[in-house]
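Please read them with the structure open.

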Amino acid sequence: MFKPSFSKRSDIVSRPGGEVWAVSDRARERADAGDDIIFLCVGDPNFDTPEPILDYVRARLGVGRTHYSPAAGEPVLRSAIAAIETRVSPHPCSADDVIIFPGGTNAIYSVLSCLLDPGDKLVIPEPMYIGYVGIVDALQLQVQPAAFSAAENFRFDIEVIKAAITDETRAVMINTPGNPSGAMATPEQLRELAAYCRERGIWLISDEVYSMITFARRHTTLRAAAEHLDNIVVIDGLSKSHAMSGWRLGWAVAEGPLAERLADFGGATIFGCPQFIQDAAAFALEFDRYFVEEMRSAYEARRDLVVQRVNRIPGIRCEAPEAGMFVMVDISQVADSSLAFAEELLDATGVSVLPGEAFGPGAARHVRVTLATSEIELSRALDRIEAFLSVRASGAA
Ligand SMILES: Cc1ncc(COP(=O)(O)O)c(C=O)c1O
């Protein structure tokens, strides 16, 4: 009799999601059963892909752009990204430095695969995007967490990163603007961190998928800030900025030998992304002026609404994030555990938020609220949260 046995790697990535996901799984089950659930736990933009991009992709399908593509990506897209990188940076960027992947997640997986071996140590700041966990586990990397301070609203702090680096650290992976915190690194911090890593022979990877959703100031990419480019890699994509999460389109920008490795790795494991999607991505990047700004300002209005409303509700508070799609709400005055709070909130109100525990122990007294939903839904959710906390405070719950 055949008894299926699987690799350790697949065992690792097949683990159940754990308690933090149980809350949103339960919310989904209740919604499927017909309950009025408001999902404030999602990271998927609620905007449809802008119409001109849809028209363009239909046209490209119509002219037969349905064949294999070069492993590193279509020249038209690589050149469009290189032109943007050149515009925003003192360092010119060549199309050869840009490698296309099916989404930022795969770009991160590929970059880490090319840079690190099982057992290698990698510094990642916390709170940390949950999606990194599966990747670093699958690659059997050892994460050295660098915990940003909850009391300082998780601001990007390079002293904390430096303190986490040891002689064994092979790479540092930062996320600016950050998920879930919305904190942004300054150009000076990026420059200093890149130089610090370079002196120690360490790679610095920067995940910048929220680069176009900023409120306080414009994003500066690591590539523009760093003096030398040989130890750095920047990852970005269209999922968030262009509301194109389902198109699965991301990229990495790296110099010389690493770019070649990434192209070879992509060739071996993906064998190219769809031509029509890459054509549409190049089109989207060229003609995105209006709709990217429209979405960005919608996120800003939602952020302002959430921040104002939350700070008027006794017991909870939040700071305005500088960027990104989320607000971290401090629930420490009303609960000891964000997990228990998220469960109680879902049971009592049908509002689903993500417990901060998901992003690391430092965020265990926060819950993450998404801005990827309409102002009407956000207001409805905040009405329910306000009523819930008021009843709870009066002891009538
Ligand atoms: C910080 C961060 N990096 C990467 C990703 C993955 O993006 P993609 O859709 O391009 O795979 C996400 C998605 O939520 C994210 O929040």
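1. Helix α5 (residues 104-115) packs against helix α10 (residues 256-269) at an angle of about 115°, and their axes are 10 Å apart. Axes here are lines fitted to C-alpha atoms, for helices over the stretch in contact, with angles running from 0 to 180 degrees between N-to-C directions; helices are DSSP runs (H or I, at least four residues), numbered from the N terminus.

2. This is a predicted model, in which local features need pLDDT of at least 70 and side-chain atom pairs count only at pLDDT 80 or more, while totals for chains, interfaces and linings use all residues. Residues are numbered from 1 along each chain as its sequence is written, and side-chain values use heavy atoms, with hydrogens and water left out.

3. On the α5 side, Y109, S110, V111, S113, C114 and L115 meet L258, R261, L262 and F265 of α10, contact meaning heavy atoms within 4.5 Å. The residues of this contact divide into 7 nonpolar, 2 polar and 1 charged, where Tyr and Cys count as nonpolar and Gly as polar.

4. Around the ligand are G103, G104, T105, Y129, N175, N179, D207, V209, Y210, S239, K240 and R248, each with a heavy atom within 4 Å of it. This shell divides into 3 nonpolar, 6 polar and 3 charged residues.

5. Polar side-chain atoms reach oxygen atoms of the ligand from T105 at 2.6 Å and from Y210 at 2.7 Å, and an N or O atom in the side chain of K240 is likewise 2.7 Å from a ligand oxygen; polar contacts are pairs of N or O atoms within 3.5 Å. The protein covers 93% of the 400 Å² of accessible area that the ligand has on its own, by the Shrake-Rupley method with a 1.4 Å probe.

Definitions and conventions: A polar contact is a pair of N or O atoms within 3.5 Å; within protein, one must be able to donate a hydrogen and the other to accept it, and residues adjacent in sequence count only if both atoms are side-chain atoms. Helices (H or I, at least four residues) and strands (E, at least two) are DSSP runs, numbered from the N terminus.
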